[in-house]
Amino acid sequence: MGSIALRPSGTVARFVAYDRRIERIGNPEDGTAIQVRAETFVEEYVSIKVCKYTEKSSNGFDTIYVTFDAASAGNGKMEYDFGASTEPGTEVAARLKTAFETRTPVYVAVETCRRKTQEGTKTSINVLTPIHTLRGATDVDAKADPQATKANCIKVVAAVGSADDPADTVYAAKDLRSEPTEWVQLRGNRRGDLAPEGWRCLMRDGHPVGGITNHVPAHSTDTAEIVQAVGSLLESAGVIPAAASGGGSVTVRRARASEARPWEPQNSDGRVNPGGWLAAKYREAHQEAISLFDAVIIAAGDDGATLADVQAQHIWELTDLLLLIADNIQTRVLGLEQPDRAAGSHREALQWAIQTARTRHHYTSEHITSQEARLVWARAVWARGVENYSAALQRINEYLGIDTKSRPDAAPARQPSQQPERSGAAARHHQPPGVDQKAVAALRNQPSAPRQAITAGNDETAIRMWNDLADAIGMAGHMDDLRPVLIDTFGGRTGELGEIDAVAFKRQVATWRKDPGAFFAIAEKAFNMAKAS
């Protein structure tokens with residue numbers, strides 16, 4: 001399997017990507033020094049013709065300007081031909097020249113990038129300026145201002161390849177700014193509010209400002225959404241009085257006391273502690289919910305637009321569900337009567353749940369649209385989280401030489417943090433508003449040991465779906481070459497179907513089947529990485 005371009009499923013894809021070059025600036029969130037990557041704008045054309053090929057020379061600088069035939073792109077929306085430059089003497093330039101001379105359609109990726117300074121001036125362009133602003137546009141599909149684009153940006157051919165063979169793609173060694181392996185994650189990035197794995201968008205007042213960073217925000221960084229969510233939790237638990245108006249929203253009063261210590265949920269005057277561990281816990285769970293939801297949107301392709309309509313509401317519901325799963329992992333593994341979200345063990349329980357959701361039981365569109373499917377997913381994540389957290393603690397006991405069998409009634413080393421005394425209904429464990437009570441009951445009534453799941457190797461439907469997908473990408477005779485992508489996706493050591501849960505496998509394969517070309521690219525990358533190691 002060779003190196004291939006990650007092709008879009010439609011005829012044209014336009015999205016915001018990010019420069020591979022890292023720059024160091026002051027964080028607009030808190031002023032600290034951080035590393036950032038500027039926005040770029042990528043336009044992919046699966047099949048388009050070259051109508052002009054012009055070699056230019058100015059002030060001793062040689063370049064080639066290529067014009068593309070808009071009508072040949074095949075999407076019926078492009079009216080005007082457009083162009084981009086490329087470096088002479090490269091394979092990209094040679095392929096474009098051949099395409100022009102033979103009138104052969106090619107795959108092309110054009111990238112619009114920020115200039116260091118405005119054309120003809122010494123005015124620097126801020127690395128955080130959104131690429132749409134530099135283009136004089138407001139969105140991916142909005143018409144750009146040619147004068148603004150010329151003054152602020154350069155437009156280059158980033159990649160060219162065969163329109164019929166996704167494996168035949170050449171990238172511009174010098175002109176390409178963004179990372180092509182991230183493109184498949186970013187095709188839904190219309191406004192620069194989606195970041196590739198391992199990065200996050202820089203925010204100001206809850207809105208992206210342009211550019212991404214791998215800098216982790218401090219625990220004291222919070223938003224109005226986090227304050228409201230934490231307030232709702234404490235209100236439902238009877239810790240603070242209900243708001244007088246506003247449909248249960250929290251009224252944040254002017255500060256009369258300093259913030260409490262991180263492990264305390266309230267300040268001394270009764271306000272929510274916005275810099276506490278509980279606020280950080282919600283942010284952590286909310287960030288994971290965003291990542292899980294975004295992965296579904298990307299995998300759904302064109303169908304993702306309908307799911308985006310419920311994004312804000314569902315992300316918060318998923319946030320609460322992740323915390324609920326962590327509650328029940330903590331109580332089962334440590335033998336607690338009630339969960340304690342302020343304890344360090346709860347953060348570990350949440351991390352085991354997140355690890356399972358990322359590597360074993362993937363969140364899919366079915367979990368967004370079906371409450372029953374979401375409950376099945378929550379049970380599976382809970383069960384695997386309990387299993388792994390328990391196994392980790394057992395290994396720690398063995399490392400420390402602790403004989404747990406001789407201490408069957410030993411209490412956990414850390415007890416739940418003290419909470420205000422409650423009586424009556426307030427003494428019961430409360431859940432945040434909007435949490436599915438069926439999920440609460442189901443998770444609390446789990447069997448003492450996780451049920452052995454049916455594997456994909458024993459499921460005829462799973463085997464047939466896998467064989468059909470392999471056949472669709474021309475790999476039916478090379479099934480062993482697909483094992484690395486199964487290991488990367490589901491874990492395990494061999495990539496055999498007998499290691500993989502059948503339900504999770506069938507859902508993931510159903511997602512892959514929507515875009516076989518994209519799956520082939522993912523499988524090819526996994527194969528190359530496994531071969532290199």
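What covers the buried residues of α16? The structure is a predicted model, in which local features need pLDDT of at least 70 and side-chain atom pairs count only at pLDDT 80 or more, while totals for chains, interfaces and linings use all residues. Residues are numbered from 1 along each chain as its sequence is written, and side-chain values use heavy atoms, with hydrogens and water left out.

Helix α16 covers residues 516-532; helices here are DSSP runs of H or I with at least four residues, strands are runs of E with at least two, and both are numbered from the N terminus. Its buried residues (under 20% relative accessible area, with a 1.4 Å probe and protein chains only; exposed is over 50%, partly exposed in between) include Phe519, Phe520 and Phe527. As for the cover, it includes α4 (183-186), α13 (460-472), α14 (483-490) and α15 (502-512), with contact taken as heavy atoms within 4.5 Å.

Now to helix α11, residues 371-400. The end C-alpha atoms of α11 are 43 Å apart, which agrees with the 44 Å that its 30 residues should span at 1.5 Å a residue; the expected span is 1.5 Å times one less than the number of residues. Trp377, Trp382 and Tyr389 are among the buried residues of α11. Leu400, on the other hand, sits in α11 but counts as exposed because its relative accessibility is 54%. After α11 comes Gly401, with a positive phi near 75°.

Strand β6 (residues 82-86) is largely enclosed by the rest of the structure, because four of its five residues are buried. β6 pairs with strand β5 (residues 61-69) in the antiparallel sense over five bridges; pairing needs at least two DSSP bridges between two strands. Tyr65, for one, has Ser85 of β6 as its bridge partner.
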